[in-house]
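Please look at the structure below before reading on. The questions after it go through a few of its features.

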Amino acid sequence: MRYAIVSLNVGRPTVHHLGGQEIKTGFIKKPTHQPHYLSITGFEEDGQADLKNHGGEEKALLLYPKDHYPFWEEKYQRDFSYPAFGENITIDGLTERDLYIGDVFQLGEAEIQVSQPRQPCYKIAKVHDIQDMPAVLTETGYSGYYFRVLKEGIVEPTDQLIKVKEDPQQVTPVDVFHCLFQDRKNRERMEQYLQIEALAPNVKRSLTKRIEKLG
């Protein structure tokens, strides 16, 4: 399976005036038409301001489906240009329901693996000045998803995302997202997801803590 890159996007953290506040963020990225080196922690020309909640090896690369853009434009009656959701890659035809945690893809010279769903962030509301946007994102599961980098290399904007290995457990990012934010007391699902080798450690810690609280 091959999927087209609609937009390749990078941006270093900068200070923006958002909602009456000065906020330093790497959320606001710009499309690039140049090749970029994808390292173990992401594109060299990219970065995050809040390294506690963003970035790192388990969130090296954020993809967001082009397929969701019409929903947001209809919902809020406005245009959203790529990359409106802070994604490194806007991808065509590959939503959170169309791939599995642990799937491995070729991306240019690099090799990447699905690690976790993206979790809602207040900065989406700040950047677009739409206060209920994180809530709608949580309700729909239109969150995007992260990859870790298994093999570094050059990525061109004209490259395609090519699936090379499918995870046998077949748990999608939206399955995990739903468990984290909606089906929050389903011990059976949480215990199942803890067995997924490729699921990011930070998500496993969240699930483990929740199970412990259930007693």
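Q: Where is the place of E188?
A: Helices (H or I, at least four residues) and strands (E, at least two) are DSSP runs, numbered from the N terminus. By that numbering, the helix that spans residues 187–193 and holds E188 is α5.

Q: On what kind of model do these answers rest, and which atoms are left out?
A: This is a predicted model, in which local features need pLDDT of at least 70, side-chain atom pairs count only at pLDDT 80 or more, and totals for chains, interfaces and linings use all residues. Residues are numbered from 1 along each chain as its sequence is written, and side-chain values use heavy atoms, leaving out hydrogens and water.

Q: Does E188 count as buried or exposed?
A: Buried means under 20% relative accessible area, exposed over 50%, and partly exposed in between (1.4 Å probe, protein chains only). E188 has a relative accessibility of 64%, so this residue counts as exposed.

Q: What distance separates the C-alpha atoms of E188 and I211?
A: Along the chain, E188 and I211 are 23 residues apart.

Q: Is K213 buried or exposed?
A: K213 belongs to helix α6, which covers residues 201–214. Its relative accessible area is 78%, and therefore K213 is exposed.

Q: Where is Q77 found, and does it count as buried or exposed?
A: Q77 is not a glycine, yet its phi is positive, at about 50°. Q77 is found in the loop between α1 and β8. Its relative accessibility is 60%, so Q77 counts as exposed.

Q: What is the relative accessible area of Q170?
A: Q170 also is not a glycine and has a positive phi of about 50°. Q170 sits in the loop between β13 (160–165) and α4 (173–181). Q170 is partly exposed, because its relative accessible area is 41%.

Q: What radius of gyration does the chain have?
A: The radius of gyration is taken over C-alpha atoms, and the globule rule is 2.2 Å times the number of residues to the power 0.38. For 215 residues, a compact globule would therefore have a value near 17 Å, and the chain agrees, with 17 Å.
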